[in-house]
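Open the model in a viewer and keep the selection tool at hand. The stops below go from pockets to ligand to backbone.

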Amino acid sequence: MTSAFSPAVTATAPAKINLILRVGAPDESGYHPLVTVFQAVDLWDEVAIVSADADSLVIEGAGNLSGVPTDRTNIVWKAVDALAHVRGLREPLAITITKTIPVAGGMAGGSADAAATLVALNELWQVGLTSPQILDMAATLGADVPFSLLGGTALGEGRGDLLTPLIRQQPLHLVVVTAPLELSTPRVYKTLDDLRAEGQGTLTPLSSSELDVVIGDDVGELIGVLSNDLQPAALKMAPIVQKNLDVLSEAGALAHLVSGSGPTVFGLCVDATHVADVANFLLQRGFSATPTTSTPLGARLTSSLSSAREAH
Ligand code: ATP
């Protein structure tokens, strides 16, 4: 139950796609080193947190939410515990996650929820962590959580948590196509390992010319560098993904790629009109298509403690 005069603080964090995803062979601990270019997209999960008499978690939003845990295994509780540890005090919370990001879709929805939780709770509890301190804490929660905080465009190395922010001037126009199934990220990596022959998986750093293309305005050149090492594994595990790529091509998208570990795919378009045409083509044929753009933003407060008190 929510306490009598406790205001809710809300924060939001974006989904991501990977414009480039190179995966190296696993190290001794089983982790795959990455060279990736993350791009935040304009699909947002929101987390609302209020002090309460007992912990509770509600998941809201459209789409199939059955894959989102409502128990202690939800990543938002990991974020709460990390912040409580630094604060030295853990008080009960009522948390509501409003999901827009496809669940287990390769768009880092759970990571977005963890990032939004850190931002909201830092405000609610007035912990006073700086952005770099929150970023450090994010890395302890999951490899994609630092990017969910940062947003925009970034080069990701290591496990994807060593970030170099990149500035793109022009927005990317995208159609995101979800599949009615979930792919477990660890299983997609395992499938990639099985598909690769012994000794394969040498990681190539991004060249300076590739970086120029990523931050440049030439969509034609960008198409030439889009790549995802996990795509063959996602296709093997979920043949429907190929159907979704094919229909994007049929609809006239400039390029298409699996997002992260899939099964979500995205198509790249010229502008908003092209996006609408491609999305309509898909929707008329019964595919799930969401028009979106890239965003330069990352996780941010949408209702602070003071605005929540004023609204009360
Ligand atoms: P990534 O690309 O970061 O590997 P993803 O986008 O493919 O992840 P998520 O939506 O983050 O997938 O979900 C992955 C798994 O994490 C889910 O199957 C679910 O069991 C678990 N999970 C824990 N907390 C959450 C959350 N808040 N939202 C979604 N999934 C969560």
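**The largest pocket**

The lining of the largest pocket is made up of 20 nonpolar, 19 polar and 7 charged residues, where nonpolar is Ala, Val, Leu, Ile, Met, Phe, Trp, Tyr, Cys and Pro, charged is Asp, Glu, Lys and Arg, and polar is the others, Gly among them. This is a predicted model, in which local features need pLDDT of at least 70, side-chain atom pairs count only at pLDDT 80 or more, and totals for chains, interfaces and linings use all residues. Residues are numbered from 1 along each chain as its sequence is written, and side-chain values use heavy atoms, leaving out hydrogens and water.

The volume of the largest pocket is about 1,200 Å³. Select Ser-111, Ala-143, Asp-144, Thr-185 and Pro-186, the closest to its centre of the 46 lining residues. A pocket here is an open set of points on a 1 Å grid over the protein atoms alone where a 1.4 Å probe fits, with protein on both sides within 12 Å along at least five of seven lines; lining residues have an atom within 4 Å of a point. Points are joined across faces, edges and corners, and the volume is the space filled by probe spheres set on them.

Next, colour by element: β1 (9-23), β2 (34-51), α1 (75-87), α2 (109-124), α3 (131-141) and α5 (185-195) each give at least two lining residues. The largest share, 4 residues, is from α2. Helices (H or I, at least four residues) and strands (E, at least two) are DSSP runs numbered from the N terminus. Domain 1 (8-167) and domain 2 (173-293) both contribute to the lining, so the largest pocket lies between them; the bounds come from an automatic or database domain assignment.

**The second largest pocket**

Select Gly-63, Asn-64, Pro-102, Val-103 and Thr-178, which lie nearest the centre of this pocket among its 22 lining residues. Its volume is about 390 Å³.

**The ligand**

Show the residues around the ligand: there are 21, the closest being Ala-104, Gly-106, Ala-108, Gly-110 and Thr-185, counted when a heavy atom lies within 4 Å. A nitrogen atom of the ligand is 3.0 Å from a polar side-chain atom of Asn-74. A polar backbone atom of Ala-104 lies 2.8 Å from a ligand oxygen atom.

**Two backbone stops**

Stay on Ala-104, in the loop between β4 (93-99) and α2. Ala-104 is not a glycine, yet has a positive phi of about 50°. Finally, go to Pro-263, in the loop between β9 (255-258) and β10 (265-269). The peptide bond from Gly-262 to Pro-263 is cis, with omega near 5°.

Conventions: Polar contact = N/O pair within 3.5 Å; in protein donor to acceptor, adjacent residues only side chain to side chain.
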